[in-house]
Amino acid sequence: MDEAILIEGLVKRYGDLAAVDGLDLEVRRGECFGILGPNGAGKTTTVEILEGLNEPTSGKVEVLGRTWTGQPEELRARIGVALQETKLFDRLTVEETLRLFATFYAGRTLAVETLLAEMQLEEKRATWVMKLSGGQRQRLAVALGLVGDPEVLFLDEPTTGLDPQSRRALWDTIAALRSRGKTVVLTTHYMDEAERLCDRIAIVDHGKRIALGTPAELIDRIGGAHLVEITTDPPLPPEALADVRGVRQARAVGQDQQSSLALSIDEPHVALPALIARLAERRAQPTRLVSRTATLDDVFLTMTGRSLRED
Amino acid sequence: MSTKSLWALSGVRLKLFFREPGSMFWTFGFPLLVTVALGVAFRNQGQSQTPVAVVDGPGAAQVAAALAGQRGVAARVVDAAEATRELRTGAVVLAVQAAAPGAPLVFKYDPSRPEAQAARRQVDDLLQIHAGRHDTVPTRDETAVAQGGRYVDWLVPGLLGLQLLNGAMWGAAFNIVNARQRKLLKRLAATPMRRGHYLLSYRVSGLVFVPLQVFVLFAFARLTFGVVIQGSALAVLGLAFLGSWAFAGLGLLCASRAQNSETANGLINLVTLPMMVFSGVFFSSARFPSVLQPAIRLLPLTAFNEALRHVVNDGASLLSQGFPLAVLLAWTVITSFLAVRLFRWT
């Protein structure tokens, strides 16, 4: 029994709309698993079904080897949750909120002092929740998820709306949880977040899983860890560069036919000299040439033709 | 079964209440302001002076002279248009139009207003006596205002009812819908918290709020207007608890499904406004036609006000109020049962 979570053929319909449309996933114990996708991909619906807050239309869902039918309280005691943007009791202090949540768990709970220290909230313990910054509020949300010392922690868009500094601080916290062996399930539409934190990632779109693997595997799947974006004068079709040595794939990107080309390559030091030689051969001037490492956003773009950030 | 989360949630309720200046004002300050405002507006001023308009014209001066200096009447001569206006706005309840010598005097008033009828009889008497009528039976007046018989004595129990109803609606029900809208309910539902404890915490905190509300209102009414509880104070408290549970059940029912505060707002007004009118808070529900009375008596606020007035003003015992108690109990059980069945956490 290695899986913390098992999802088979999960479907959730709201009227005609299928928010989740036949999803299969397995999350292993001790890994940080990312569900990456644009807004409206069905990430939150999926996670809320896993948390026992929403009922699937059909399909099989097991969390820690159990289903949500029967004794849900027992399972709730073994998971931790940070919903997307929960508002708490405005006029309760950080410490009071943690102590309140601790009373909900019959079994072992983490000491409030430990949580305050771990989430860097010690200085804010006596501050009303309404007076916390976005980052502090989000750290409190994670702390509340950890109160019951859960075996699985669900984080739904934990850094959405945070400033870069707060995001990084929260990333460190989540990375520390994973290194302590907690299973973490994280949804996000930030590719950098998923790359940085997750052992494995499922990319979902329109309620379906379109890719699954480690960040490196996914990037490798689009045919190379590097990406060269090039605009030439006169413009060249993708075929003109597809057979250059070291180029694994070439495709047109950008609007209009004033197009740039995106080339997937493994080794820039092999591909770039060959590319320059080919341009000279075709008497085309590179007006713009960028070489960078490929990201999960490129993976998403390659598979769907859309960017993760488009809403 | 551990009840620590119930006590913790109830403690949180109390803390949040006392940290919210708005809820403090609406629960404690506002009823006191209403008591003062209405107590002053309808105070017993000894014999009141009824304002009467005398329409300017031939003979107006004689009428005004006949009424001048008479106790209970304050007459002024105004022109016809002004008299009509003052009748419409209620500044006067009676206008007297003197005519040419020999023609009858005209009394203009709204016969559906008891005070207008009284003014008409009083002014008629004064004018007839002034013109030479002799009363043959000698009479003498004695003041006899019974304890607990003033408007303010009648008003205060109704205000407690309204206050408890508003507390259950705007305090608890609105608060729950707000928590649902902010996804706080969903967050709580994701913990192993016993869900009943969350709902029960409102009742437990009520064990503190309700006596406090009863005490503040009656202490204030006693100090400012001398309103005295004729019956047992414990009966008042017991009734207040029972009433608060009936209203809380109704509030919870309103809050069981509403997804946002706009819906809650509408639902709460739909429930409370008819009761404010029909349940005899500011004026007696006996004024409504008798065909409506059975329905009116089944409203929880009517039942509460009726029983509380008997205890406070007539010194009745709680157990003598069988019908209203049964009504309150029925509302408590039925609404709470339905609310818990219908309640949604997400």
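## Basis of the description

The structure described here is a predicted model.

## Chain A as a whole

Chain A contains 11 helices and 13 strands. Its C-alpha trace extends over about 75 × 45 × 35 Å along the principal axes. The chain has 311 residues, and 53% of them count as buried.

The C-alpha atom of A:Arg28 is 9.6 Å from that of A:Val184, although 156 residues separate the two along the chain. Leaving aside residues up to four places away in sequence, A:Arg28 touches A:Asp2, A:Glu3, A:Ala4, A:Thr183 and A:Arg200. Because its relative accessibility is 45%, A:Arg28 counts as partly exposed.

## Backbone features in the loops of chain A

Most residues other than glycine have a negative phi, and most peptide bonds are trans. A:Glu157 is not a glycine, yet its phi is positive, at about 50 degrees. A:Glu157 is placed in the loop that runs between β6 (152-156) and α6 (164-179) of chain A. With a relative accessible area of 6%, A:Glu157 is buried.

A:Arg283, also not a glycine, has a positive phi of about 50 degrees. The loop that holds A:Arg283 lies between α10 (268-281) and β13 (285-293) of chain A. A:Arg283 has a relative accessible area of 73% and is therefore exposed. The peptide bond between A:Asp233 and A:Pro234 is cis, with an omega of about -5 degrees. A:Pro234 sits in the loop between β10 (226-233) and α9 (239-242) of chain A.

## The largest pocket

Rolling a probe the size of a water molecule over the atoms shows where empty space is left. The largest pocket holds about 1300 Å³ of space. Its lining is made up of 46 residues, and those closest to the pocket centre are B:Ser23, B:Trp170, B:Gly171, B:Ala172 and B:Asn175. Two or more lining residues come from each of these elements of chain B: α1 (4-19), α2 (21-41), α6 (151-181), α8 (195-225) and α9 (233-255).

Helix α6(B) provides the largest share of this lining, with 14 residues. By class, the lining of the largest pocket comprises 27 nonpolar, 13 polar and 6 charged residues.

## Enclosed cavities

The structure contains 3 cavities of 30 Å³ or more. The volume of the largest cavity is about 50 Å³. Among the residues that line the largest cavity are B:Ala168, B:Ala172, B:Ile176, B:Tyr202, B:Arg203 and B:Leu252.

At least two lining residues of the largest cavity come from each of α6, α8 and α9 of chain B. Helix α6(B) contributes the most, with 4 residues. The lining of the largest cavity has 8 nonpolar residues, 1 polar and 1 charged.

B:Gln293 is part of helix α11 of chain B, which covers residues 293-298. Buried means under 20% relative accessible area. B:Gln293 has a value of 19% and so counts as buried. Apart from residues up to four places away in sequence, B:Gln293 touches B:Ser285, B:Ala286 and B:Phe288.

Helix α12 of chain B has 15 residues (300-314), which should span 21 Å at 1.5 Å a residue; the end C-alpha atoms are 20 Å apart, in agreement with that expectation. This helix is mostly covered, with 13 of its 15 residues buried. Just after α12(B) comes B:Gly315, whose phi is positive, at about 70 degrees.

Notes: Residues numbered from 1 in each chain as written. Chains lettered and ligands numbered in written order. Predicted model: local features only at pLDDT ≥ 70, side-chain atom pairs only at ≥ 80, totals over all residues. Heavy atoms only, no water. 1 Å grid on protein atoms, 1.4 Å probe; cavity = no way out; pocket = protein on both sides within 12 Å on 5 of 7 lines; lining within 4 Å. Points joined across faces, edges and corners; volume = space filled by probe spheres on them. Nonpolar A, V, L, I, M, F, W, Y, C, P; charged D, E, K, R; others polar. Buried < 20%, exposed > 50% of the residue type's maximum accessible area, 1.4 Å probe, protein only. Contact = heavy atoms within 4.5 Å. Expected span 1.5 Å × (residues − 1).
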